[in-house]
Amino acid sequence: MAHALPVRRIHPLGWGLIGFRLLLMLGLLLACTPLHLLWRLLNLGRWWPRVFLSGIGMIAGLHLRIEGRPVKGALLLANHVSWLDIPALAHATGSAFVAHDGLAAFPFLKWLCEMNDTVFIARHDRASIGRQVQQVRDAMAGRGCLTVFPEGTTSDGTGLLPFKSALLSALDPLPPGAVVQPVLIAYEDAAQIAWVGEEHGLDNFKRILARLRPVRLTLRFLTPLEDTALADRKAISATARSRLAEALAR
């Protein structure tokens, strides 16, 4: 298991950079929120959450490179390294996300997630599995791309954790016409970006915002799964993980 980076003292310049970036993020939120509410009222789609998340990535210093072609409306299966994965994928695809319901315990985070039509799942609540499966299927049908992180948590970015096929219950059986596309998230400086071990989420957030160097990330969209790879959720999970492992080793 990966361990958290030692807690580092943030330089005064870093604190200044954190403050400046937070002000920019707040301004972006204040600009996008009323426009998002208006667009939703007029049923014009989910444009402004994508703009907001893309802007958050840019403000945080994210420099994004895209390889391959994302398939519109696909279910994306990606490895998970950092909170920056979300603005990166939102920028590239406009994706909504499947998240564990622990995030819903934080009102502000829940509100931000709901703006982007996040599907919350309770991994240990067996009584609600049927409802959660239907929520994921509805999201796949009506919200364009939807991203699942099958590892269930973040890794250190140098390898993959085991995939939890239970997170793909909504794909068993696969909805008609569904496209499943693996996406590799590869940071140039993964060890300095990854949120792992016992590091608090707020500490990781501050550490990223205090960076002077850009965060260089490549999103590599692999070819969608086909034939026997789509037989059931276990086949989907195993094949996607194998494809991502091969791409990571290149």
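Visitor: How are α1 and α4 oriented to each other?
Guide: In this predicted model, the axes of helix α1 (residues 12-41) and helix α4 (residues 107-115) come within 12 Å and cross at roughly 50°. Angles under 35 degrees would count as roughly parallel and 65 to 115 as roughly perpendicular, so α1 is classed against α4 as oblique.

Visitor: Which hand does the crossing of α1 and α4 have, left or right?
Guide: On the α1 side, the contact is made by Leu29, Thr33, His36 and Arg40. On the α4 side, Phe108, Trp111, Leu112, Glu114 and Met115 take part. By class, the contact has 5 nonpolar, 2 polar and 2 charged residues. The hand of the crossing is left-handed.

Visitor: How do the residues of the contact of α2 with α3 divide by class?
Guide: Helix α2 (residues 47-59) and helix α3 (residues 85-93) pack at about 130°, their axes 8 Å apart, and they are therefore oblique. Arg50, Leu53, Ser54 and Gly57 of α2 meet Ile86, Pro87, Ala90, His91, Ala92 and Thr93 of α3. By class, these residues divide into 5 nonpolar, 4 polar and 1 charged.

Visitor: Is Cys113 buried or exposed?
Guide: Cys32 has a relative accessible area of 4% and is buried. A search of the whole structure finds 0 disulfides. The relative accessibility of Cys113 is 18%, and because buried means under 20%, Cys113 counts as buried.

Definitions and conventions
Residues are numbered from 1 along each chain as its sequence is written. This is a predicted model: local features need pLDDT of at least 70, side-chain atom pairs count only at pLDDT 80 or more; totals for chains, interfaces and linings use all residues. Side-chain values use heavy atoms; hydrogens and water are left out. A disulfide is a pair of cysteine sulfur atoms within 2.5 Å. Buried means under 20% relative accessible area, exposed over 50%, partly exposed in between (1.4 Å probe, protein chains only). Axes are lines fitted to C-alpha atoms, for helices over the stretch in contact, and angles run from 0 to 180 degrees between N-to-C directions. Helices (H or I, at least four residues) and strands (E, at least two) are DSSP runs, numbered from the N terminus. Angles under 35 degrees count as roughly parallel, over 145 as roughly antiparallel, 65 to 115 as roughly perpendicular and the rest as oblique. A crossing is left-handed if the near helix is turned anticlockwise from the far one by less than a right angle, and right-handed if clockwise. Contact means heavy atoms within 4.5 Å. Ala, Val, Leu, Ile, Met, Phe, Trp, Tyr, Cys and Pro count as nonpolar, Asp, Glu, Lys and Arg as charged, and the others, Gly among them, as polar.
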